[in-house]
Amino acid sequence: SLMPILKEARIPVCIMLSTHSIHSGEMVWMDEVVYRLATTSKSDISVKYVDRSFPLTTPAERSVAAAHFVEHLSHCHPEALQVKLTELRETLEDSSLPAPSERIASISQLKELMDNPLVSFGAAGQCHWPFYEIHLNEASKEIVDAKEELSALFDKAFVPVFFYPLGFDKRRNQELLNLMMDCGYEAAISRNTGICHPGDNMFRL
């Protein structure tokens, strides 16, 4: 466990949570893609929606394939993503996932961390679907509903910070930002690395 190390070093940590994952024990979609490609016994993979095949004989090749599939799927509407993810699962049917308790922390396990002042929780949506061509009512479930549920579950340990999914349609940018601000988020972060400075836009971190 990392917690003893973080506690000794006094390093705070904010854990970004998908509500669907903590209830179901299912991996967020991009983690599932990476896991299945890392554990399959197949030596290559091809699917109908990608115009090339990928060798899977080395860890490096599996990593390249996973990055390509995640990038492709992150530019899909959530419904199209789920259809394509189903095809990928069927193609990689030999790569069974471990039991939920072995891969995702349960709500009760997360609540055990609430009393630790170094630990807080943020929102990664319901299913962490891409915001690419997403409808506002679907985005509201990811942004608003997830915040309300996580706030109720973790009370003061929840911080109003949203974790952007992969795939973002810039044409809907302001509408999505308005949703976040209207429901009380104070900031939003992405996977991009860098240094934040005073005065930076808190929804573009």
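Predicted model: local features only at pLDDT ≥ 70, side-chain atom pairs only at ≥ 80, totals over all residues.

Visitor: How many disulfides does the count come to by the rule?

Guide: Zero disulfides. The rule asks for a pair of cysteine sulfur atoms within 2.5 Å. For Cys183 the closest cysteine sulfur is in Cys14, 15 Å away, so that is too far for a bond.

Guide: Residues are numbered from 1 along each chain as its sequence is written, and side-chain values use heavy atoms, leaving out hydrogens and water.

Visitor: Why does Ser74 count as buried?

Guide: Buried means under 20% relative accessible area, with exposed over 50% and partly exposed in between (1.4 Å probe, protein chains only). Ser74 has 3% relative accessibility, so it counts as buried. Its side chain reaches the backbone oxygen of Glu71 at 2.8 Å.

Visitor: Which residues touch the most other members of the largest nonpolar core?

Guide: Ile22, Ile143, Phe154, Phe162, Met180 and Tyr185, out of 26 residues. A nonpolar core is a set of buried Ala, Val, Leu, Ile, Met, Phe, Trp, Tyr and Cys residues joined through side-chain atoms within 4.5 Å.

Visitor: What is Phe162 in contact with, leaving aside its neighbours within four places in sequence?

Guide: Contact means heavy atoms within 4.5 Å, and the partners of Phe162 include Met16, Phe131, Ile143, Met180 and Tyr185. Apart from this core lies another, of 23 residues, among them Trp29 and Trp129.

Methods:
Polar contact = N/O pair within 3.5 Å; in protein donor to acceptor, adjacent residues only side chain to side chain.
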